[in-house]
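Let's walk through this one together, piece by piece. Have the sequence and the 3D view open as you read.

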Amino acid sequence: MEIVKLEQEEIQKLSQIQEQQQNFIIELGKLEYDITLLEFEKEKIQEKIEQVVQKSQTLAKELEDKYGSGTINLEKGEFYPQ
């Protein structure tokens, strides 16, 4: 089989496509890295949310034990029993 030499224009087109593919791979890698960092941040925030929910539930129980069932107007600092 005879070896055929590619034309310069064909080589350039193939090189451009290969370079674009490599750039996409790099971009995808960066995106995956950023996604991983964002997932870590999301987990930290979710842990903080869980802590706040637990504090809220604990305080709600303490207030209910102290004042009974009712509602609170936080702006006025008043408790309204049911």
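Start with the strands: strand 1 (residues 70-73) and strand 2 (residues 78-81) run antiparallel and are joined by four bridges. For the bookkeeping, two strands pair if DSSP finds at least two bridges between them, while helices (H or I, at least four residues) and strands (E, at least two) are DSSP runs, numbered from the N terminus. Look across the pair and you'll find Gly 70 bridged to Pro 81 in strand 2, and Ile 72 bridged to Phe 79 in strand 2. The hairpin that strand 1 and strand 2 make has four residues between the strands, and Gly 77 takes a positive phi near 70 degrees there.

Before going further, a word on what you're looking at. This is a predicted model, where local features need pLDDT of at least 70, side-chain atom pairs count only at pLDDT 80 or more, and totals for chains, interfaces and linings use all residues. Residues are numbered from 1 along each chain as its sequence is written, and side-chain values use heavy atoms, with hydrogens and water left out. As for pLDDT, that's the predictor's confidence in each residue, from 0 to 100. The chain's mean pLDDT is 97, with 100% of its residues at 70 or more. Among the chain's elements, helix 1 has the highest mean (98) and strand 2 the lowest (93).

Now for helix 1, which covers residues 8-67. Its end C-alpha atoms sit 86 Å apart, which agrees with the 88 Å that 60 residues should span at 1.5 Å a residue; the expected span is 1.5 Å times one less than the number of residues. After helix 1 comes Gly 68, with a positive phi near 90 degrees.

What about charges? Side chains of opposite charge can pair when their charged atoms come close. Counting a salt bridge as a side-chain nitrogen of Lys or Arg within 4 Å of a carboxyl oxygen of Asp or Glu, you get three salt bridges. One of them links Lys 13 to Glu 9, with the closest N and O atoms 3.2 Å apart; both residues lie in helix 1, four residues apart, or about one turn of the helix. Another links Glu 41 to Lys 44 at 3.7 Å between the closest N and O atoms, and these two are three residues apart in helix 1, so about one helical turn separates them. Then there's Lys 61 with Asp 65, at 2.9 Å between the closest N and O atoms; they also lie in helix 1, four residues apart.

How exposed are these residues? Here buried means under 20% relative accessible area, exposed over 50%, and partly exposed in between (1.4 Å probe, protein chains only). Lys 13 is partly exposed at 48%, and Glu 9 is partly exposed at 47%.

Finally, look at Leu 6, Ile 11 and Leu 14, which make a nonpolar surface patch of about 260 Å². Leu 14 lies in helix 1. Patches are made of residues with over 30% relative accessible area and no salt bridge, joining like charges within 9 Å and nonpolar side chains (Val, Leu, Ile, Met, Phe, Trp, Tyr) within 5 Å.

Technical notes:
Accessible areas come from the Shrake-Rupley method with a 1.4 Å probe; for residues, only the protein chains shown count as cover.
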